Amino acid sequence: MQVDKNDLVTTLLELYYRYVLYASAVLGQLNSTFVHEHGECIDSLLNDIAHKGNVDSETVDEVFFPFARHTSWYDGHSFAVGLFPQPNGKSQESSSEAVNGYYGGYLWSTMKKNMGLSAQSTDFLRLLLTMEIRGAQTYWHMFPSSLSKNVTISRAAARDTDLVYKNSTFRSNYMVGYLGMLDAVCSTYFAKELYFAHLINLLPITAITSELFSKEYVRGQYEHVIAKANIPKAWRGYSICNHAIINPTNAWEEAQNLISSELDEGISKSQVLYFISTLEDFDVSNLTIIGNVGADKE
């Protein structure tokens, strides 16, 4: 059997490369010089996680890019970790970062095609992206069997999740923290609190977030978990964005008290406000807008 030895050192690339791919797509859209000077390097990063060819895993001209390195076509989603031994086999914690890895690749390739340059197939990247979203909604996002009167759920959503996880107590957690080939748990590698399992599977906040998280799901998830939790200050930007999916106007008011320097490095107050403002139910009338008063340096 031919083994990709690089997989030992490329664990989590699909998650980390997402930030580079997304930023490169934005920068390339604003400055074409960046694409011409650094495009080949960014293409290499993209091919390392989302290469369309080489289904036979062959080395060509001393270059080896495996076919869709992290994607499990059988499981219907990606695995972040590689070949090093773990009791539960391959696993993945942040399904949302995996989604954004393929989303960033899609944006990069779309931007290059719009410039008339050769690029990775956007259709293939859309396939990986769509499959990752469906996988996250199937194996990470859970609906409990009993819901409060304020939460509605389609029969189809309840039936699908019942086929995956039979235990209603487990499903009442609403989110799988990390999923292994042999297990699923409602905690994370770095903390046991349930809200961390939810927010690590929400970040980063981009345009694809509202596609990944349906309003139907968030109505129950936010009410029963996030709204009841004492969210640490550094993570409040994410929890407010979570709330914004179902109530962007109230979330906007909550965001006025954020201070970027107190938030996680992956988010800022301006990013939270921008995300909220793009949501379809956002009401721009009678909004509170608090500028910088010495506390927030954006």
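Analyst: Two strands are said to pair if DSSP finds at least two bridges between them. With that in mind, we can turn to the sheet of this predicted model.

User: In what order do the strands of the open sheet stand?

Analyst: Strands of a sheet pair through backbone hydrogen bonds, either parallel or antiparallel. Here the pairing is antiparallel, and the open sheet of 3 strands has the order 3-4-5.

User: Which residue of strand 4 stands opposite Gln92?

Analyst: Strand 3 pairs with strand 4, residues 178-180, in the antiparallel sense over 2 bridges. Within strand 4, the residue opposite Gln92 is Leu179.

User: How far apart are the end C-alpha atoms of helix 4, and what span should its residues give?

Analyst: Helix 4 covers residues 122-139, which makes 18 residues. At 1.5 Å a residue these should span 26 Å, and this agrees with the distance between the end C-alpha atoms, which is 25 Å.

User: Is Lys269 buried or exposed?

Analyst: Lys269 lies in helix 12, and its side chain reaches the backbone oxygen of Gln256 at 3.1 Å. A residue is called buried when its relative accessible area is under 20%. The relative accessibility of Lys269 is 5%, so this residue counts as buried.

User: Is Glu265 buried or exposed?

Analyst: Glu265 lies in the loop between helix 11 (248-255) and helix 12 (269-277). Because its relative accessibility is 84%, Glu265 counts as exposed.

User: How many residues does the largest nonpolar core have?

Analyst: In soluble globular proteins, nonpolar side chains tend to be buried together. Among the residues with the most contacts inside this core are Trp108, Phe213 and Trp235. Leaving out residues up to four places away in sequence, Phe213 touches several others, including His141, Met175 and Val218. The largest nonpolar core has 66 residues.

User: What is the mean pLDDT of the chain?

Analyst: Of the residues in the chain, 82% reach 70 or more, whereas over residues 1-9 the pLDDT is below 50. Where pLDDT is low, the predicted coordinates should not be read in detail. For the chain, the mean pLDDT is 86.

Definitions and conventions. Residues numbered from 1 in each chain as written. Predicted model: local features only at pLDDT ≥ 70, side-chain atom pairs only at ≥ 80, totals over all residues. Heavy atoms only, no water. Helix = DSSP H or I, 4+ residues; strand = E, 2+ residues; numbered from the N terminus. Expected span 1.5 Å × (residues − 1). Core = buried A, V, L, I, M, F, W, Y, C linked by side-chain atoms within 4.5 Å. Buried < 20%, exposed > 50% of the residue type's maximum accessible area, 1.4 Å probe, protein only. Contact = heavy atoms within 4.5 Å. pLDDT = per-residue confidence, 0-100. Polar contact = N/O pair within 3.5 Å; in protein donor to acceptor, adjacent residues only side chain to side chain.
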